[in-house]
Amino acid sequence: MRDNKVEEVEKRLEEDKTNISTLNQLNDLKIKYLGKKGLISSLNQLIKDIPNEEKKEFGQSVNQVRENFNQFYEQKKRYFEDEQLNKQLERETIDITLPATKVRRGSKHPVNRMIEKIEDLFVSMGYDVMTGPELETDEFCFERLNLPKGHPARDMQDSFYITEEYLLRTQTSAVQARTLLANKNDPKPIREIVPGKTYRKEDDATHSHQFCQCEGLVIDKKENHVSLADLKGTLEVFVKEVIGDNLDLRFRPSYFPFTEPSYEVDVSCFKCGGKGCPLCKDTGWIEILGAGIVHPNVLRMNGYDPEKWGGFAFGPGLERLTMFRYGIPDMRYLYTNDIRFLEEFDRGDESDAIK
Ligand code: PHE
């Protein structure tokens, strides 16, 4: 009869097992059999009424049922957990074969590419890259560059004055005066370039009211003889590197208040090779920058003794150089931000340069 009890529980268990399809049901089953008043636990209660000699056997059969249950429980539990995990993984699966949403990347503006090119070149030659304020004072933009108020050469550059004292800088040359003056208590050699934005009140077809220049300034002790030949050599390297090989340079005497002598520098037209074409207006030459030997007044006014110090300066406009380098036919492309044009410069290499 007692054995029958165990068998009965076993039978029910086998039957119940077939109806378990969730983890919750499995846990309920555990309570039903192994809980305090569970079917298996209750079998243990019977032991006290069993004759001693049968106790062992009875106990073993109960243990077997319990063992049986535990095995089933563990196995089923693992099964449900795996099933749950698989479902979750399935839900969270990412189909890596689906086409991705295209991430739109910006591209470097061609003028910025040109600036980086110039910086790399001059840094490799030991120059510092400097900056200065775009909202500049009349003092630094003109007066300290040997251009006193009322000087006729001020008309060369139509300025945007903000107040009587402040204007948008018309030239990066303003930073020449700033650097010199910053060293005035302890003058030392200077080798710097200053790429940056400049502003003039003009807006015809070939000029923009805002454009970029890159000042160059080299100052050294007189005995080191920084000469016109050095300026020429520097500009030859510059032109070769930023526009292209095999171009001739031409120095045309010109006038700037802060250099003496002053020059405008032309390169031979890379389009027609100097024969004459619409780009060079049939002259065979294209003007690219102003340059010269730093005027003694500029040195003196900014704390450098012109008896002891000397050097050269130059200042190309960067839009034209950029147009030449990349073969851009119209300056307006540089400022209208047409995405189709800008994306042309998304190549990340320099394969598009004329070389
Ligand atoms: N700042 C001059 C200009 O804007 C160019 C220049 C720079 C000339 C340095 C001489 C020396 O036209």
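User: What links Asp 138, Glu 143, Lys 149 and Arg 154?

Analyst: These residues are joined in a network of salt bridges. A salt bridge needs a side-chain nitrogen of Lys or Arg within 4 Å of a carboxyl oxygen of Asp or Glu. The model is predicted: local features need pLDDT of at least 70 and side-chain atom pairs pLDDT 80 or more, while totals for chains, interfaces and linings use all residues. Residues are numbered from 1 along each chain as its sequence is written, and side-chain values use heavy atoms, with hydrogens and water left out.

User: How many salt bridges does a search of the whole structure find?

Analyst: The search finds 16.

User: Why is the contact between Asp 16 and Lys 32 called a salt bridge?

Analyst: The N to O distance is 2.8 Å. That is within the 4 Å limit, so the pair qualifies. Asp 16 lies in helix α1 (residues 2-17) and Lys 32 in helix α2 (residues 23-34), so the bridge ties together parts 16 residues apart in sequence. Helices are DSSP runs of H or I with at least four residues, strands are E runs of at least two, and both are numbered from the N terminus.

User: Is Asp 16 buried or exposed?

Analyst: Buried means under 20% relative accessible area, exposed over 50%, and partly exposed in between (1.4 Å probe, protein chains only). Asp 16 has 15%, so it counts as buried. Lys 32 has 32%, which makes it partly exposed.

User: What makes Arg 250 and Asp 266 a salt bridge?

Analyst: Their closest N and O atoms are 2.9 Å apart. Arg 250 is in strand β7 (residues 249-256) and Asp 266 in strand β8 (residues 259-268). Asp 266 is buried at 2% relative accessible area, whereas Arg 250 is partly exposed at 30%.

User: How many disulfides does the count come to?

Analyst: The count is zero. A disulfide is a pair of cysteine sulfur atoms within 2.5 Å. For Cys 272, the nearest cysteine sulfur is that of Cys 269, 3.6 Å away, so Cys 272 is in no disulfide. For Cys 277, the nearest is again that of Cys 269, at 3.7 Å, so Cys 277 is in no disulfide either. Cys 277 is buried at 10% relative accessibility.

User: Which residues have the most contacts inside the largest nonpolar core?

Analyst: They are Ile 118, Leu 235 and Phe 238, in a core of 46 residues. A nonpolar core is a set of buried Ala, Val, Leu, Ile, Met, Phe, Trp, Tyr and Cys residues joined through side-chain atoms within 4.5 Å. Helix α5 (residues 110-124) gives the largest share, six residues. Phe 238 touches residues including Ile 118, Leu 121 and Phe 122; contact means heavy atoms within 4.5 Å. A second, separate core has 17 residues, among them Val 6 and Ile 50.

User: How do you know that helix α10 (residues 318-326) is largely enclosed by the rest of the structure?

Analyst: Eight of its nine residues are buried, so the helix is largely enclosed. Those residues pack against α5, β6 (210-221), α8 (228-242), β9 (285-294) and β10 (309-316). Gly 327 follows α10, with a positive phi near 65°.

User: Is Ile 162 buried or exposed?

Analyst: Ile 162 is exposed, at 51% relative accessible area. It lies in the loop between β3 (160-161) and β4 (166-168).

Methods:
Lists of a residue's contacts leave out its neighbours within four places in sequence.
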